[in-house]
Amino acid sequence: MPELDNSVVVENLCKRFGGFVAVDRINLEIPKGEVFGFLGPNGAGKSTTIRMLCGLLKPTSGRASVAGYDVGREPEAVRQNIGYMSQKFSLYNDLKVIENLRLFAGLYSVSSNVLRERIDWALAMANLKGQENLITGTLPGGWKQRLALGCAVLHKPPILFLDEPTSGVDPISRRQFWDLIHHMAEEGVTVFVTTHYMEEAEYCNRLALIFRGRIVALGTPSELKRGSMNGELLLVACEPLGNAVEVLQSAPGVLDAAVFGNALHLVVPDAVAAIPQIEMYLKQHGIAVGGIEKIRPTLEDVFVSVTTGRDATGEMKP
């Protein structure tokens with residue numbers, strides 16, 4: 001895909017802090033209007049990547065362009081063409097709602113002849129019409145979240161970076177927030193979002209899973225669930241669960257075992273062949289088996305599979 005058709009292009013991007021490699025030669029192309037999810041455990045390199053893409057941190061090597069600007073050579077141009085919202089919402093709690101909007105409009109150099117129009121739009125989008133004089137710190141979490149989004153897009157940026165944007169808000173507010181995000185994407189805004197909520201990852205057009213600074217899986221949610229597991233998945237109903245998972249961690253042919261609700265999820269090379277073997281193995285160890293069946297993996301299963309456990313040979317991943 002030509003670079004002009006992409007909002008974000010990343011080529012062999014790397015960031016080192018002394019001898020520590022935080023981001024290790026990642027490559028990405030994100031087209032205009034895509035909702036792109038970036039998932040990874042704490043310390044995986046998500047925030048470092050976002051800081052480089054937002055022009056806040058200079059790469060050690062490689063290159064990246066955002067909205068057509070090089071993040072290393074033109075960081076100020078990058079910052080003027082993006083919106084950014086963090087999990088802390090980047091708001092000033094002691095200011096009124098309207099004061100926060102005016103402040104961010106100034107920071108983003110919103111022209112005075114469209115200022116009133118943009119502030120009215122942000123208030124309507126955040127459902128805060130008539131609440132302009134409330135102190136921001138007194139707002140419920142969902143209201144703060146929508147206000148922070150309005151502040152981040154007052155200048156109509158073509159690209160929006162959201163760093164854990166729904167942390168600490170209730171499920172209804174979270175869903176309403178994602179409705180807003182998809183509406184923006186339909187209007188051509190590119191959205192780059194990090195989240196640790198696996199159900200939210202389903203809302204993204206594509207996902208990248210990052211682990212130890214490297215992208216270990218990339219694709220649509222459906223593609224990842226279909227092809228990124230290092231084996232096949234079994235649901236095992238048995239008890240006691242604690243003893244069962246301990247026993248199965250060292251069972252032959254089991255690549256990974258984890259408690260999932262009131263049952264276990266096992267990753268095995270061949271589900272059909274493994275079912276009778278697992279049932280016999282558990283019974284031999286005094287574990288009562290209620291049933292074993294092959295199931296489709298969730299994104300959480302995929303995430304765990306590509307970041308922990310053993311590979312298809314049964315060896316622990318490095």
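Me: Let us start inside the fold. Which element gives the largest share of the lining of the largest cavity?

Reply: The general idea is a probe test: on a 1 Å grid over the protein atoms alone, a cavity is a set of points where a 1.4 Å probe fits but cannot get out, and lining residues have an atom within 4 Å of a point. Grid points are joined across faces, edges and corners, and the volume is the space filled by probe spheres set on the points. Helices (H or I, at least four residues) and strands (E, at least two) are DSSP runs, numbered from the N terminus. In this case α5 provides the largest share of the lining of the largest cavity, with three residues.

Me: Before going on, what kind of model is this, and how are its residues numbered?

Reply: It is a predicted model, in which local features need pLDDT of at least 70 and side-chain atom pairs count only at pLDDT 80 or more, while totals for chains, interfaces and linings use all residues. Residues are numbered from 1 along each chain as its sequence is written, and side-chain values use heavy atoms, with hydrogens and water left out.

Me: How many cavities of 30 Å³ or more does the structure hold, and what volume has the largest?

Reply: There is one cavity of 30 Å³ or more, and the volume of the largest cavity is about 50 Å³. It is lined by 10 residues, of which Tyr84, Phe104, Ala148, Cys151 and Ala152 are the closest to its centre. Two or more lining residues come from each of β6 (82-86) and α5 (141-152).

Me: How does the lining of the largest cavity divide into nonpolar, polar and charged residues?

Reply: The convention counts Ala, Val, Leu, Ile, Met, Phe, Trp, Tyr, Cys and Pro as nonpolar, Asp, Glu, Lys and Arg as charged, and the others, Gly among them, as polar. Here the lining has nine nonpolar residues, one polar and no charged.

Me: How should I read the chain as a whole?

Reply: Begin with its elements and extent: the chain has 11 helices and 14 strands, and its C-alpha atoms fill a box of roughly 75 × 45 × 35 Å along the principal axes. Burial comes next; buried means under 20% relative accessible area, exposed over 50%, and partly exposed in between (1.4 Å probe, protein chains only). Of the 318 residues, 49% count as buried. Contact means heavy atoms within 4.5 Å. Among contacts with a separation of 6 or more, 69% join residues 24 or more positions apart.

Me: Why is helix α11 described as largely enclosed by the rest of the structure?

Reply: Helix α11 (residues 299-307) is described in this way because seven of its nine residues are buried. The buried residues are Leu299, Asp301, Val302, Phe303, Ser305, Val306 and Thr307.

Me: What is the setting of Leu234?

Reply: Leu234 lies in strand β11 (residues 232-239) and is buried, with a relative accessible area of 0%. Beyond its neighbours within four places in sequence, Leu234 has contacts that include Leu264, Val268, Ile278 and Ile295.

Me: How many disulfides are counted?

Reply: A disulfide is a covalent bond between the sulfur atoms of two cysteines. The rule applied is a pair of cysteine sulfur atoms within 2.5 Å, and the count comes to zero. For Cys14, the nearest cysteine sulfur is that of Cys54, 18 Å away; Cys14 is buried, at 1% relative accessible area. Cys204 is likewise in no disulfide, with the sulfur of Cys54 16 Å away, and Cys204 is buried at 4%.

Me: Which backbone details deserve a look?

Reply: Consider peptide geometry, then phi. A cis peptide bond, with omega about 0°, joins Glu239 and Pro240, and Pro240 is placed in the loop between β11 and α9 (241-249). Ser109 is not a glycine, yet has a positive phi of about 60°; Ser109 sits in the loop between α3 (97-107) and α4 (112-125) and is exposed at 56% relative accessibility. Asn127, also not a glycine, has a positive phi of about 55°. Asn127 belongs to the loop between α4 and α5 and is exposed, with a relative accessible area of 57%.

How values were computed. 1 Å grid on protein atoms, 1.4 Å probe; cavity = no way out; pocket = protein on both sides within 12 Å on 5 of 7 lines; lining within 4 Å.
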